[in-house]
Amino acid sequence: MANITVKTLLKMKERGERIAMMTAYDYPTAKLLDEAGLHVLLIGDSLGMVVQGNTTTIPVTLDDIVYHTRMVRRGAEHALIVSDMPFLTTHGLPEDVLQKAGRLMQEGGAHAVKIEGGKELASVVSRLVTAGIPVMGHIGLTPQSVHALGGFSVQGRTVASAKRMLEDAAALEEAGAFAIVLEMVPAEVAQWISSKLRIPTIGIGAGSFCDGQVLVFHDAMGFTSGYIPKHNKAYANLADTIAVAARDYVREVANGSFPGEAQTVHLKPEELDKLFN
Ligand code: KIV
Ligand code: NA
């Protein structure tokens with residue numbers, strides 16, 4: 001597979017080819033997902049929930065995203081690496097926003113950043129793009145605004161809010177964004193927005209008509225004990241696999257059957273003689 005760039009994603013939309021994106025937070029996972037053919041790996045601030053155990057993405061820091069981006073970048077050969085700008089980092093002084101996005105690329109090795117918000121961030125997007133930082137937008141449910149929105153709920157159910165969402169998407173495209181995540185949007189609204197944009201839409205809980213799909217790794221792999229959103233599909237059951245393996249290990253340590261001969265090093269007879277003489 002050739003290396004995926006922002007241009008590749010635009011071409012994929014033109015050709016009607018679907019984009020597969022998933023979050024990744026560490027080296028071994030990134031390596032497996034990259035080898036499996038994922039086009040885009042996202043170091044999402046969802047790591048605040050699925051890795052750190054917080055109830056929202058708000059506690060995640062820029063340092064957290066830099067740290068995880070470095071690990072993912074080392075594991076990925078072909079995929080486009082996109083890193084989330086955490087809570088508040090896109091709302092400071094222009095030079096501060098630029099410097100923070102720059103850290104994700106310079107220190108983390110990201111190829112692009114993702115920011116939550118609509119037309120109010122158009123000037124931020126164009127400034128980043130002008131500086132050589134590709135930007136992915138993210139509208140619909142924007143989890144960093146969970147307290148302002150009043151929960152993790154579907155967005156764009158009314159005509160007014162759907163029209164506002166299209167305006168946001170168009171403004172982001174106009175400002176130079178290369179793709180837009182649509183999160184928790186009715187399928188019909190996501191289809192309508194996707195048809196109006198030249199750049200690809202990547203849906204999560206946004207139906208099957210988006211130009212691509214994104215899932216959170218832990219949800220997609222059944223590696224969670226917490227809340228599972230309705231739009232998720234678990235393609236594996238890692239939680240059960242790990243629980244069974246961990247119980248087996250505890251039992252074998254307790255009964256002495258681990259380590260066995262296969263995992264054990266012995267002294268040779270002559271070495272043994274020396275030890276006791
Ligand atoms: O943080 C994240 O994982 C995300 C995706 C759900 C799009 O932003
Ligand atoms: Na995110």
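Student: Which elements do the buried residues of helix α6 pack against?

Tutor: This is a predicted model: local features need pLDDT of at least 70, side-chain atom pairs count only at pLDDT 80 or more, and totals for chains, interfaces and linings use all residues. Residues are numbered from 1 along each chain as its sequence is written, while chains are lettered from A and ligands numbered from 1 in the order in which they are written. Packing rests on contact, where two C-beta atoms, placed from the backbone, lie within 7 Å. The buried residues of α6 pack against α5 (94–106), β4 (112–116), β5 (135–140) and α8 (159–175).

Student: Which residues of α6 are buried?

Tutor: Helices (H or I, at least four residues) and strands (E, at least two) are DSSP runs, numbered from the N terminus. A residue is buried if 20 or more other C-beta atoms, placed from the backbone, lie within 10 Å of its own; 12 or fewer makes it exposed, and in between it is partly exposed. In α6, residues 122–130, the buried ones are A122, V124, V125 and L128.

Student: Which positions does the UniProt "binding site" annotation cover?

Tutor: The entry is unreviewed. UniProt positions follow the numbering used here, feature names are shortened, and annotations may be inferred rather than shown by experiment. The positions spread over 70 residues of sequence, yet they cluster in space, with a largest C-alpha distance of 12.5 Å.

Student: Is D45 buried or exposed?

Tutor: D45 is found in the loop between β2 (40–43) and α3 (47–50). Beyond four places in sequence, D45 contacts T57, V60, I65, D84 and P86. With 30 other C-beta atoms within 10 Å, D45 is buried.

Student: Is K114 buried or exposed?

Tutor: K114 is found in strand β4. Not counting residues up to four places away in sequence, K114 touches L42, V82, D84, M85, M136, H138 and V181. It has 26 other C-beta atoms within 10 Å, so K114 is buried.

Student: How many residues around ligand 1 are charged?

Tutor: A residue counts as near the ligand if its C-beta atom, placed from the backbone, lies within 6 Å of it. The residues around ligand 1 include D45, D84 and E183. Ala, Val, Leu, Ile, Met, Phe, Trp, Tyr, Cys and Pro count as nonpolar, Asp, Glu, Lys and Arg as charged, and the others, Gly among them, as polar. The shell has 5 nonpolar and 4 polar residues, and the number charged is 3.
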